[in-house]
Every structure is written in structure tokens, then in C-alpha cells.
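Dear colleague,

Please find below the structure that I am handing over to you. My notes on it follow directly after.

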Amino acid sequence: MKTTFAPARRKLLAATLALAALAGMPFAHGAPGSNQDWAGTWGTAPADAAPKTLETFTNQTLRLIVHTSIGGSKVRIRLSNELGTAPLRIGAAHVALRAGGAEIVADTGRALTFGGRPAVVIPPGAPVLSDPVDLVVPARADLTVSLHLPGEAQASTVHGNAFQTSYVSGPGNFTATAAFPTQRTITSWPFLTAVDVMAPGAATIVALGDSITDGSNTTVDTNRRWPDVLARRLQTGRPDVKVGIVNRGIGGNRLLRDPGEWPPFGRAVLARFDRDVLATTGVRHVVLLIGINDIGHPGTGSMPAAEGPSAEDLIAGYRQVIARARAHGIAIHGATLTPFEGTVFPGYYTAPKEAVRQAVNKWMRESGEFDSVIDFDRALRDPARPTRLQAKYDSGDHLHPNDAGMAAMAEAVPLQLFGGAKVAPR
């Protein structure tokens, strides 16, 4: 494994700060309360809504449940209309610690504003950040984010597979209501894409990938995705390092191509990298686990077999992600592609596709082009038949790990990778 640190850049920054102080000039990027004091504690990646099942809310309140990774003294949220085609009106927004179900902890509720206003209209294609509010947010805690949608709002910007129950009210604004009047539940995250906390000196890891990172087939409402388990490991195994984790996995996602026949698979990683990585508060590390759907999807459903990439095609895509991360001083950790022989999805696995996976993993392990390599393949494969998942880690579809498999993945990540230093572009 190779991790590159930048002592020269730290010395240069210290000198610049000293000069700015001597000149009596403000140093915007390091000022108290600046973006350097903030880190992502939770996040998800938006995708287009499923065709013919676009969910619509009319004068209703959403109470969305999220699970933090790192704690802080203030909180703000990011809402997204980046995939919408009409303005999105938010009538009121609210954040609180969760007591259980849809209820909030008394005295923790905070109304959110946007540029000092309680309501906001988000243009098509745009996100919006709320103003910060004082709230002591514990690490690994549940938050409620409540949004009143006063008109008709179509959830065209949504993370469809949350593996977390959230709540929808009947008509009315119930953002600050402690005992939420639930009309129905959902297992998606409409419009909400990030929660940040003020945690000076902290950094953020972005887990960038597909359904395996997203948490497919894990137990709902238990936060068993491998990034969740890694957050718990970091809290106990590296208490000296303040690191938040933001999960940008999307089920069905690919590295090279947009989803074609099924928009909820999300835009290709090469297309969404700036939105889902560079726009993440405090990002210093990316763990990249992507490519198995590039290999497996072609030749299934209506996806042409001719779309199947060679190992060289995928390697070229990985090199683009590496270059774009390093251009912003972000460490990039490549994760090997996990076994999938015997998967229940017809046409997804073939021997030639397996050869591409093996070639990609060989390149990852031997090329030295990533800052480090995390060997998820080795952690999950059956020693007696390495092209298959171990039975104890198999969710049953022979592609997605179960809860135990997610824990094994998290255990395979060396905690020393995330020492808080920023790598130098090269």
C-alpha cells in the first residue's frame, strides 16, 4: 500500500498564514467557522426517479432518518433539485435528534433557514445549503430531517434504496412536531443528500460505488452497510483521528456509462464525480469500489452485450478518477471487485466477464497507481472457489454480501490509511 503525504505543503500553508497575520489581512479559508471547520457526517447520492413510479408529495411533511458517522457542535444540511426539471419549494425545514420511530428528542429540535429565510425555492439543476444551527450532534446517532413541501413536489431527485425507514405525514407542516403524524412510510431519501457538522480538524471519507457500497440486501434500519461498520471501527480503533464517512453508493451504478434502460442506477461515476465527491464537505479520501456492473450488466435485460468493457477500458476510467481526485489533493484508495460467479441474475456472470474482473484486480494490486488498495475480493471470496462469495458472507444472490460480509469488508480496511493528512496532487 502507498499513501503520499505533503509536509512541504503544510509548511507552505503555515508560512502563508503567518504572512497574512503580519499583513493584518483575513485568511478566508482558515477563518473560524469557515468550511475547513466542517465535515460530512452523512450523505447519499441522488439518482433519477424510477420511470412511471415518480413519487409526488402535496402539502406534506417528510421526516427523513439518517445516521451520523462523526459528531459536531453545529449542523447544516444539503438539499438537491439537481435532477429536477421544475423549481422545488421547501416551505420549512427542521433537524433534531431522533428518539425512536418518527419521534424527536425533546429540546433538540432546530428550525433551519436558508440565507436567513425559513423557506427556499431550489431551481432545477441546483442544490442548496441550509444555514448552520447550534446542535450538539453525537457520533453514530440518528437524526431526523423534516421537510415541508407546501405545493406539489415530484421526487425526481431521490436516493431510491435507503435501507432505512422514513416517514410521510398527511396534509400540513409538521416539521417541528415531536410526535409525528405518520400517514405512511418510505425507504428512500427524496431531496436530502448531505448532513454536515462543525468539527474542526476533521476530514471526510467518500465511499463511492454501486449497490455493494449502497448496502443492498443488508438488514433495513440497522446501518449494516460496510461504510457504517467502518465508521464504528474508526470511532473505537482510531479515536485520535476525526473522520466522517459519506456513502455515495448507488445500486446498479457503473463507472463508464449512464444507466440506459433504468435511470435509478444513477449517472456514471465519471459523470457524477464532481457532484458526489468534490462537492462533499471536507473530503480528503475516496474509497472507490465500482466496475462490477460495467462488467455484468451488458447482455442482461435490454442492455447490449456490445457495451461490455475490456479491462483496459475500465483501467482508463479508473485512471481518470485517480487524476481528478489528485487534482484536488484527495487520496484515492482502490477497492478490488468482489466475486460473483453463480449470481441469480441471468446473463450477469460469464467466464469472459470473470476474466475481465480478474485482470482489473491484478492491475489494482500490482500497478501502484492508487494511493492504496483495499482487497475486498480477498476478504469475501471462498478459498476453495475464489470466483464465488463465501457462503457465510453471501446474501443469497451470490453477488451482494450480507450483514456479515459487510462487516468483513469493513474489517479489511486498514485504519491507518485515514490519518488526516492531505495528499499532494501529482
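In which strand is threonine 387 found? Threonine 387 belongs to strand 24 (residues 385-389), where helices (H or I, at least four residues) and strands (E, at least two) are DSSP runs numbered from the N terminus.

Two remarks on the source come before the rest. This is a predicted model, in which local features need pLDDT of at least 70 and side-chain atom pairs count only at pLDDT 80 or more, while totals for chains, interfaces and linings use all residues. Residues are numbered from 1 along each chain as its sequence is written, and side-chain values use heavy atoms, with hydrogens and water left out.

Threonine 387 counts as buried because its relative accessibility is 17% (buried means under 20% relative accessible area, exposed over 50%, partly exposed in between, with a 1.4 Å probe and protein chains only). Leaving aside neighbours within four places in sequence, threonine 387 is in contact (heavy atoms within 4.5 Å) with Pro339, Phe340, Glu341, Tyr349, Glu354, Arg357 and Gln358.

Strand 19 and its surroundings

Seven of the seven residues of strand 19 are buried, so this strand is largely enclosed by the rest of the structure. Val243, Ile245, Asn247 and Gly249 point one way, and Gly244, Val246 and Arg248 point the other way. Strand 19 runs parallel to strand 18, to which seven bridges join it (two strands pair if DSSP finds at least two bridges between them). Threonine 204 has glycine 244 of strand 19 as its bridge partner.

Cavities

The whole structure holds three cavities of 30 Å³ or more. On a 1 Å grid over the protein atoms alone, a cavity is a set of points where a 1.4 Å probe fits but cannot get out, and lining residues have an atom within 4 Å of a point. Grid points are joined across faces, edges and corners, and a volume is the space filled by probe spheres set on the points.

The largest cavity has a volume of about 210 Å³. Its lining has 25 residues, of which Trp42, His67, Arg225, Asp228 and Asn247 are the closest to its centre. Strand 1 (38-43), strand 3 (56-67), helix 3 (226-237) and strand 19 (243-249) each supply at least two lining residues. By class, this lining has nine nonpolar, 11 polar and five charged residues (Ala, Val, Leu, Ile, Met, Phe, Trp, Tyr, Cys and Pro count as nonpolar, Asp, Glu, Lys and Arg as charged, and the others, Gly among them, as polar).

The second largest cavity has a volume of about 50 Å³. Its lining includes Arg248, Arg275 and Asp276, and divides into two nonpolar, three polar and five charged residues.

Nonpolar cores

A nonpolar core is a set of buried Ala, Val, Leu, Ile, Met, Phe, Trp, Tyr and Cys residues joined through side-chain atoms within 4.5 Å. The largest has 57 residues, of which Trp226, Leu230, Leu288, Tyr318 and Phe418 touch the most other members. Helix 6 (residues 311-326) gives the largest share of this core, seven residues. A second, separate core of 40 residues includes Leu64, Val120, Leu147 and Ala162.

With kind regards

Notes:
1 Å grid on protein atoms, 1.4 Å probe; cavity = no way out; pocket = protein on both sides within 12 Å on 5 of 7 lines; lining within 4 Å.
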